[in-house]
Amino acid sequence: MTDTRGPQPQYEGYATGPLPGEREPAPGQTSGPYHPPQAYASPAGGTQGGRPHGTQGGAQAAAQAARRPRTGARTTPRTRKARLRVAKADPWSVMKVSFLLSIALGICTVVASAVLWMVMDAMGVFSTVGGTISEATGSNEGNGFDLQSFLSLPRVLIFTSVIAVIDVVLATALATLGSFIYNLSAGFVGGIELTLAEDE
């Protein structure tokens, strides 16, 4: 089968120029294999056979392999401890704290005494015990000792308040004196040592 069409004209655009989608070569640049643009520059030492040149590239690869974290390893948190020593106690601060604490203790004592008296009066303890004491101490000339009038609520509260005031004065004085004594003893033996640890 022979071709009778004769010689066909060639398209100059495709014969001399690039194909559709290709870039035109820069002037002065010979045609060669196409190299796509690279996003990152090649390493300074170059590569040979996929391996870095020299011992420096091998050291970098070993360091990167050593820095790779292990996913299966478990780390247990360490509890930090600190050993401290109470070298001196400020007497002024000790006096203020002991004064406030003794006042709170005195108020609690008064309130507790009032509640206890009301509970015992509601249970009839004073009337029963007072009747027994009055019969035992009574005579034909007069009645015996009246426990209910002696242990009335106002008298109990007054007596408890006096005890609370005395407790406040004594506790404050003893705590301040104790701070002076501690400072003197800490100067000889070094004071009390404490070991503090963080909460896990």
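This is a predicted model: local features need pLDDT of at least 70, side-chain atom pairs count only at pLDDT 80 or more; totals for chains, interfaces and linings use all residues.
Let me start at Gly 190, the residue that follows helix 6; its phi is positive, near 100°.

Helix 6 itself covers residues 153–189, which is 37 residues. From its first C-alpha to its last it reaches 51 Å, close to the 54 Å expected at 1.5 Å a residue. Which residues of helix 6 are buried? They are Val 156, Thr 160, Ala 164, Val 168, Thr 172, Thr 176, Ser 179, Tyr 182, Asn 183 and Ala 186. Their cover includes strand 3 (81–86), helix 3 (91–123) and strand 4 (192–197).

Let me now turn to the protein as a whole. It has six helices and four strands, and along the sequence these follow the pattern α-β-β-α-β-α-α-α-α-β. Of the 200 residues in the protein, 12% are buried. Among contacts with a separation of 6 or more, 74% are between residues 24 or more positions apart.

I come next to the surface. The protein exposes about 17,500 Å², and carbon and sulfur atoms supply 61% of that area. One nonpolar surface patch, of about 750 Å², is made by Phe 99, Leu 100, Ile 103, Ile 107, Val 111, Val 115, Val 119 and Met 123.

Is Leu 100 buried or exposed? Leu 100 counts as exposed because its relative accessible area is 58%, and the cut-off for exposed is over 50%.

Note on methods:
Residues are numbered from 1 along each chain as its sequence is written. Side-chain values use heavy atoms; hydrogens and water are left out. Helices (H or I, at least four residues) and strands (E, at least two) are DSSP runs, numbered from the N terminus. The expected span of a helix is 1.5 Å times one less than its number of residues. Buried means under 20% relative accessible area, exposed over 50%, partly exposed in between (1.4 Å probe, protein chains only). Contact means heavy atoms within 4.5 Å. Accessible areas come from the Shrake-Rupley method with a 1.4 Å probe; for residues, only the protein chains shown count as cover. Patches are made of residues with over 30% relative accessible area and no salt bridge: like charges are joined within 9 Å, nonpolar side chains (Val, Leu, Ile, Met, Phe, Trp, Tyr) within 5 Å. A salt bridge is a side-chain nitrogen of Lys or Arg within 4 Å of a carboxyl oxygen of Asp or Glu.
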